[in-house]
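The following exercises are to be worked with the sequence and the coordinates at hand. Each task is followed by its solution in steps.

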Amino acid sequence: MHHAPDSNDWTWLQPLLTQHQGQAGGLLPLLHAIQDHRGFVPADAVPLIAQAMNLSRAEVHGVISYYHHFRTEAPGQHVVQICRAESCQACGSEALMAQAQASLGCAEHETSADGRFTLESVYCLGLCASSPAVQIGDRLHARMDPSKLQRLLTVAGGAP
Ligand code: FES
């Protein structure tokens, strides 16, 4: 689980900025590194990112909002990623997404009201041979169906 940073404590961010500073095309790798580290890209970090990368805040904000992958708010305790690339799409990923939305009571890119789950689409988890695939937290699940998914959500929801 990721915690929101103390708003004035950017010590975690500095090494990431230093690492990518001055690199051509370094913004995307930097944003990925930040999200991997914190679970999201805090809005308050945008001015610092812009400064380090010699870009305007609007440019940084534009990139963050262009890529659905990036979150600007802390995710729930578990991120549920439903694969919607071709193979999984052909094997019923829409039904999985519908099941997840109904069960969690939230839409894609949203977090359930109890803060336990954030729901995302993903485009290929590398398990095409065992479609449809879902990732919950760090764990991959192959050959899913709506009732298996529901069981996983119930278990994960009870044991954060
Ligand atoms: S298309 Fe879903 S795992 Fe590859």
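**Exercise 1.** State how far apart the C-alpha centres of domain 1 and domain 2 lie.

*Solution.* The C-alpha centres of the two domains are 28 Å apart. Domain 1 covers 13–66 and domain 2 covers 78–158, with bounds that come from an automatic or database domain assignment. The model is predicted, so local features need pLDDT of at least 70 and side-chain atom pairs count only at pLDDT 80 or more, whereas totals for chains, interfaces and linings use all residues. Residues are numbered from 1 along each chain as its sequence is written, and side-chain values use heavy atoms, with hydrogens and water left out.

**Exercise 2.** Determine whether Leu13 is buried or exposed, and list its contacts.

*Solution.* Step 1: Leu13 belongs to helix 1 (residues 13–20); helices are DSSP runs of H or I with at least four residues, and strands are runs of E with at least two, both numbered from the N terminus.
Step 2: Leu13 is buried because its relative accessibility is 0%; buried means under 20% relative accessible area, exposed over 50% and partly exposed in between (1.4 Å probe, protein chains only).
Step 3: Apart from neighbours within four places in sequence, Leu13 contacts Ile34, Ala45 and Leu48, contact being heavy atoms within 4.5 Å.

**Exercise 3.** Describe the pairing and burial of strand 2.

*Solution.* Step 1: Strand 1 (residues 78–83) and strand 2 run parallel and are joined by 6 bridges; strands pair if DSSP finds at least two bridges between them.
Step 2: Within this pairing, Cys83 is opposite Val122.
Step 3: In strand 2 (residues 117–122), 6 of 6 residues are buried. Phe117, Leu119 and Ser121 point one way, and Thr118, Glu120 and Val122 the other.
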